[in-house]
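Here's a quick briefing to read with the model open in your viewer. Start with the charged pairs, then work through the rest by topic.

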Amino acid sequence: MTESSHESVPSRQRKRFPGISSRAYEHPADRSALVALRKLSGFDTVFKALSGLLPERSLRLLFLSDSVRVSDAQFAHLNSMLRDACHILDLEKVPAMYVTQDPRPNAMCIGLDEPIIVVTTGLVELLDEEEMRAVVGHEVGHALSGHSVYRTILLFLTNLALKIAWIPLGNVAIMAIVTALREWFRKSELSADRAGLLVGQDLQASMRGLMKIAGGNHLHEMNVDAFLKQAEEYEEGGDLRDSVLKILNVLPRSHPFTTVRAAELKKWAESRDHQRIMDGHYPRRTEDKDTSVSDSFRESASHYADTVRTSKDPLMKLVGDIAGGAGDLGGRLRDKFTGSGGSASGGSSGGSKSTGDGNGPASDNGSGSGGQGGS
């Protein structure tokens with residue numbers, strides 16, 4: 001990308017990352033999955049062969065005909081942010097970007113051959129310039145990582161599952177794939193949040209944007225520290241029953257919960273990895289072909305081991321205790337589920353009842369996908 005293609009001067013000077021690889025900011029779980037997929041022989045060929053089945057052409061025509069394409073003539077401020085984000089992350093080809101009428105704040109990056117970015121009017125109207133810059137950087141991060149391909153596959157399979165819901169085994173098979181893709185995509189959202197921070201280079205703006213997505217345009221009524229405290233309470237709170245409900249609540253979602261995203265982003269912003277990138281020390285795209293799959297999986301495994309060891313979630317703490325050889329597993333499970341050291345039969349009854357009661361609320365809470373903007 002030539003300098004001449006970026007005529008708009010950003011409102012403040014930001015660092016640029018020439019040749020940066022998406023591996024620099026990808027979450028360990030996201031990165032290991034992508035490296036493994038990219039290393040599969042014929043993977044790209046297989047997915048391109050599916051392009052005839054996927055609605056990519058119709059999606060492009062739909063947005064072209066029924067949305068507003070961002071350019072120097074339309075939503076010029078968004079066009080400037082987009083070009084600036086591509087310049088900072090050194091993305092050679094600027095993706096097409098559309099604004100579509102929808103009061104729900106959301107954004108997405110889709111497409112197989114060429115990614116396109118779509119933002120809703122609800123998101124544009126909700127965020128200020130610096131908050132929106134982080135979101136645009138988030139979507140450009142998706143494009144640089146190649147997430148748009150898998151996102152398109154996820155959308156296609158989700159729609160397919162709805163169409164064949166009357167076929168019991170067929171729907172189960174498709175939903176198993178969809179569930180796995182959603183788990184990966186939730187991790188990819190954490191990666192893209194990091195990319196948004198690299199582009200915006202303003203942690204407070206990123207925090208404000210996530211707070212607005214959660215609570216609307218009422219910043220004067222919200223506080224970043226209190227918002228992050230919610231994430232801490234969410235992780236620490238309750239017993240094993242609550243840990244199970246957390247899992248059930250998140251399964252239908254394509255995004256992690258907003259408070260969790262904020263806490264994860266703040267943690268990464270304060271890490272040595274982030275500081276090294278800002279100092280100009282990061283992996284380059286020219287090195288991607290030499291990336292080791294086994295090294296990526298080891299890094300991912302190490303990350304999860306650290307997560308289990310440091311987590312304050314009751315289930316994760318129990319897993320850590322078991323891994324550490326703690327004794328009396330039956331008694332610990334009974335106490336965790338019942339909240340007391342009651343009899344074994346009482347513990348069994350309490351655990352069974354709580355699981356049954358939890359399915360309803362988990363399903364209800366997970367059925368909506370609202371508040372997942374900036375994806």
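R23 and D288 form a salt bridge through their side chains, with an N to O distance of 2.7 Å. R23 sits in the segment before α1 (28–39), while D288 is in the loop between α13 (272–278) and α14 (293–310), so this pair ties together parts that are 265 residues apart in sequence. Keep in mind that this is a predicted model. Across the whole structure, a search turns up 16 salt bridges.

- R23 counts as buried, because its relative accessibility is 16% and the cut-off for buried is under 20%.
- D288 has a relative accessible area of 28%, so it goes down as partly exposed.
- As for the general idea, side chains of opposite charge can pair when their charged atoms come close.

- R284 is another residue in the loop between α13 and α14.
- With a relative accessible area of 29%, R284 is partly exposed.
- Leaving out residues up to four places away in sequence, R284 touches P18, G19, S21 and R23.
- R284 and S22 are 262 residues apart in sequence, yet their C-alpha atoms are 8.4 Å apart in space.

**Aromatic pairs**

- The count of aromatic pairs comes to two.
- One of them is F17 with Y282: the ring centres are 5.9 Å apart and the planes stand at 85 degrees, so the pair is edge-to-face.
- This pair also links distant parts of the chain, with F17 in the segment before α1 and Y282 in the loop between α13 and α14, 265 residues apart.
- F17 is buried, and Y282 is buried too.

- D84 and R133 meet through their side chains in a salt bridge, at 3.0 Å from N to O.
- D84 belongs to helix α4 (residues 76–88) and R133 to helix α6 (residues 129–145), so the bridge ties together parts that are 49 residues apart in sequence.
- R133 and E129 are both in helix α6, four residues apart, which is about one turn of the helix.
- Buried or exposed, where does R133 fall? R133 is buried, with a relative accessible area of 4%, whereas E129 is partly exposed at 44%.
- Through shared partners, salt bridges join R14, D84, E129, E130 and R133 into one network.

**Helix packing: α6 against α9**

- The axes of α6 and helix α9 (residues 203–215) come within 8 Å and cross at roughly 90 degrees.
- That angle is why α6 and α9 are described as roughly perpendicular to each other.
- On the α6 side the contact uses E130, E131 and A134, and these meet A205, S206, R208, G209 and K212 in α9.
- By class, the residues of this α6–α9 contact divide into two nonpolar, two polar and four charged.

**Helix packing: α9 against α12**

- α9 also packs with helix α12 (residues 258–269), at an angle of about 170 degrees and with the axes 9 Å apart.
- The two helices, α9 and α12, are therefore roughly antiparallel.
- From α9, the contact involves L203, S206, M207, L210 and A214, and from α12 it involves T258, R261, A262, L265, K266 and A269.
- This α9–α12 contact has seven nonpolar, two polar and two charged residues.

**A spot in β3**

- A107 is found in strand β3 (residues 107–110).
- A107 counts as buried, with a relative accessibility of 2%.
- A107 and V124 are 17 residues apart along the chain, and their C-alpha atoms are separated by 9.7 Å.

**The chain as a whole**

- The secondary structure comes to 17 helices and four strands.
- Of the chain's 375 residues, 43% count as buried.
- Among contacts in the chain with a separation of 6 or more, 75% involve residues 24 or more positions apart.

Definitions and conventions: Residues numbered from 1 in each chain as written. Predicted model: local features only at pLDDT ≥ 70, side-chain atom pairs only at ≥ 80, totals over all residues. Heavy atoms only, no water. Salt bridge = Lys/Arg side-chain N within 4 Å of Asp/Glu carboxyl O. Buried < 20%, exposed > 50% of the residue type's maximum accessible area, 1.4 Å probe, protein only. Axes fitted to C-alpha atoms, helices over the stretch in contact; angles between N-to-C directions. Parallel < 35°, antiparallel > 145°, perpendicular 65-115°, else oblique. Contact = heavy atoms within 4.5 Å. Nonpolar A, V, L, I, M, F, W, Y, C, P; charged D, E, K, R; others polar. Phe/Tyr/Trp six-rings, centres within 6.5 Å; stacked < 30°, edge-to-face > 60°.
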